[in-house]
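User: I would like to go through a structure with you, piece by piece. Could you take my questions as they come?

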Amino acid sequence: METIQDISLFKHLTNQTVITIGTFDGVHMGHRKILERLINNAKNTGLKSTVLTFFPHPRMVLQKDTDIKLLNTIEEKTQIMEGLGLDYLVIHPFTKAFSRLSATDFVRDILVNSLKAKKIIIGYDHRFGRNRNANIQDLIAFGNALDFEVEEIPAQEIDDVSVSSTKIRNALMEGDVATANSYLSYAYMLTGTIKKGKGLGKQFGFPTANLHIPENYKLIPKNGAYVVKSTLNGKKYFGMMNIGFNPTVSGTEKSIEVNFFEFDGNLYDQKIQVKILHRIRDEHKFNSVEELREQLKKDKNFSLDLISK
């Protein structure tokens, strides 16, 4: 898959394309039905399968005060799509100026002239152009005029995408990782850089890596303890992660701390990805540090037992 960060960079390519358009947040099972349809169509027609997506998310630009939370950072989305067999992922910068493009300019200049669209696969409810005033019937009319085909994705598939996204977000906010992962068809991930913390975990006998995620739009699951895995320096490690405020030691700032089992090394300033496998428990305020230490031992035993199965 070739990732193209701006539509203008696509112009040197000569292949005609079959395109779908969307945010594809989560790239979950519902999305994959649409992407499989796109990829199979490309193979059957000799066109290049192309996804057009946007960053920042349009709501971040058009509704500045929105507290939108997304399942993927743009980097994570790219990583997941790379494994699906697409030819091109086009990530176009979404700006207010771009949002003001007329439907005609968007279809003619972007889809046809820049992205070489010969076929567009799109949902029945897709709207586009300035003020989102054009719909799929308008797109079909453009296709007749500009020589491209439009294939409508059935309403059921589009509704499945919407339902899945809502269920995943709700499940993660409730700490229900099992449901979220089943809809995603992969383990929900957090990607960030390890920063120095207060070193309290080391004092308890459970040294932790403090994960800093700069993208404030990334959805962080409900506070609590989780079983996780990561690949560190080319090797797979399991561990347990706490999301929360460390109330036992009067913590005031939310943190994401990971204790990797059997890992001995320095992770400071390294970028890592943590995959969440299972939720252990809610975050609690314990009566003493000793009580917390005992609970962490139980959490570790629970995690090791789960991993061994």
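This is a predicted model: local features need pLDDT of at least 70, side-chain atom pairs count only at pLDDT 80 or more; totals for chains, interfaces and linings use all residues.

User: How many bridges join strand 2 to strand 3?
Analyst: Strand 2 (residues 17-21) and strand 3 (residues 48-55) run parallel and are joined by five bridges. As one example of a partner in strand 3, L52 is the bridge partner of I21.

User: What is the peptide bond from F55 to P56, cis or trans?
Analyst: The bond from F55 to P56 is cis, with omega near 0°. P56 lies in the loop between strand 3 and helix 2 (58-62). As background, most peptide bonds are trans.

User: And H57, where is its place, and is it buried or exposed?
Analyst: H57 is also placed in the loop between strand 3 and helix 2. Its relative accessibility is 15%, so H57 counts as buried, the cut-off being under 20%.

User: What does H57 touch, leaving aside residues up to four places away in sequence?
Analyst: H57 touches T23, I68 and L70. With T23, the separation is 34 residues in sequence and 7.3 Å in space, C-alpha to C-alpha.

User: Changing topic to phi: what is the value for V27?
Analyst: Phi of V27 is near 40°, a positive value in a residue other than glycine. Most residues other than glycine have a negative phi. V27 belongs to the loop between strand 2 and helix 1 (29-45), and V27 is buried, with a relative accessible area of 0%.

User: What about S185: what is its phi, and where is it found?
Analyst: S185 has a positive phi of about 70° although it is not a glycine. The residue is found in the loop between helix 8 (177-184) and strand 7 (189-195). With 39% relative accessibility, S185 counts as partly exposed.

User: Now helix packing. How do helix 5 and helix 6 cross?
Analyst: The axes of helix 5 (residues 103-114) and helix 6 (residues 136-146) come within 11 Å and cross at roughly 55°. Helix 5 is therefore oblique to helix 6. Their crossing is right-handed.

User: Which residues make that contact, and of what class are they?
Analyst: Helix 5 contributes A103, T104, V107, R108 and V112, while helix 6 contributes L139, F142 and L146. By class, the contact of helix 5 with helix 6 has six nonpolar, one polar and one charged residues.

User: At what angle do helix 7 and helix 8 pack?
Analyst: Helix 7 (residues 155-173) packs with helix 8 at an angle of about 150°, their axes being 8 Å apart. The two helices are therefore roughly antiparallel to each other. Helix 7 passes helix 8 in a left-handed crossing.

User: Which residues meet there?
Analyst: In helix 7, S164, K167, I168, A171 and L172 meet T179, A180, Y183 and L184 in helix 8. The contact of helix 7 with helix 8 has, by class, six nonpolar, two polar and one charged residues.

User: Finally, strand 10. Is strand 10 mostly covered or uncovered?
Analyst: Strand 10 (residues 235-244) is mostly covered, seven of its ten residues being buried.

User: In what sense does strand 9 pair with strand 10, and over how many bridges?
Analyst: Strand 9 (residues 224-232) pairs with strand 10 in the antiparallel sense over nine bridges, and G224 stands opposite I243 in strand 10. The two strands form a hairpin with two residues between them. In the turn, N233 has a positive phi of about 50°.

User: And how does strand 10 pair with strand 11?
Analyst: Strand 10 and strand 11 (residues 255-260) pair in the antiparallel sense over six bridges. There, M241 stands opposite V258 in strand 11.

Terms used
Residues are numbered from 1 along each chain as its sequence is written. Side-chain values use heavy atoms; hydrogens and water are left out. Two strands pair if DSSP finds at least two bridges between them. Helices (H or I, at least four residues) and strands (E, at least two) are DSSP runs, numbered from the N terminus. Axes are lines fitted to C-alpha atoms, for helices over the stretch in contact, and angles run from 0 to 180 degrees between N-to-C directions. Angles under 35 degrees count as roughly parallel, over 145 as roughly antiparallel, 65 to 115 as roughly perpendicular and the rest as oblique. A crossing is left-handed if the near helix is turned anticlockwise from the far one by less than a right angle, and right-handed if clockwise. Contact means heavy atoms within 4.5 Å. Ala, Val, Leu, Ile, Met, Phe, Trp, Tyr, Cys and Pro count as nonpolar, Asp, Glu, Lys and Arg as charged, and the others, Gly among them, as polar. Buried means under 20% relative accessible area, exposed over 50%, partly exposed in between (1.4 Å probe, protein chains only).
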